[in-house]
Amino acid sequence: SMRNPLLETPTARHGAYPFDAVKPEHFLPALEEAIGAAKAKLEEFKNKKGSDFQHVVVEQMEVQDQVNY
């Protein structure tokens with residue numbers, strides 16, 4: 001399997017990805033991975049019981065942060 005810098009945790013200053021190592025074929029797998037992770041987190045969120053502030057707002061923001069990142 002080819003190394004995909006977009007699927008690795010950035011180690012550069014300020015969390016920047018090594019864009020000089022990113023190739024066009026890296027984008028789709030990284031996007032699919034991000035969507036899969038967001039869907040899994042959303043399912044976890046939807047299946048939790050309760051509708052308090054923690055559940056509705058804070059955890060929803062965690063899902064949103066994952067999608068926005």
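Select K41 and E44 to begin: these residues sit 3 residues apart in helix 1, so about one helical turn separates them, where a helix is a DSSP run of H or I with at least four residues, numbered from the N terminus. Show their side chains, and you will find that K41 and E44 meet in a salt bridge at 3.6 Å, N to O, the term standing for a side-chain nitrogen of Lys or Arg within 4 Å of a carboxyl oxygen of Asp or Glu. K41 is partly exposed at 27% relative accessibility, and E44 is partly exposed at 42% (buried is under 20% relative accessible area, exposed over 50%, partly exposed in between, with a 1.4 Å probe and protein chains only).

Before moving on, note that this is a predicted model, in which local features need pLDDT of at least 70 and side-chain atom pairs count only at pLDDT 80 or more, while totals for chains, interfaces and linings use all residues. Residues are numbered from 1 along each chain as its sequence is written, and side-chain values use heavy atoms, with hydrogens and water left out.

E8 is partly exposed at 32% relative accessibility, and R3 is partly exposed at 49%.

Is H26 buried or exposed? With a relative accessible area of 2%, H26 is buried. A polar atom of its side chain lies 3.2 Å from the backbone oxygen of R3.

Note on methods. Polar contact = N/O pair within 3.5 Å; in protein donor to acceptor, adjacent residues only side chain to side chain. Helix = DSSP H or I, 4+ residues; strand = E, 2+ residues; numbered from the N terminus.
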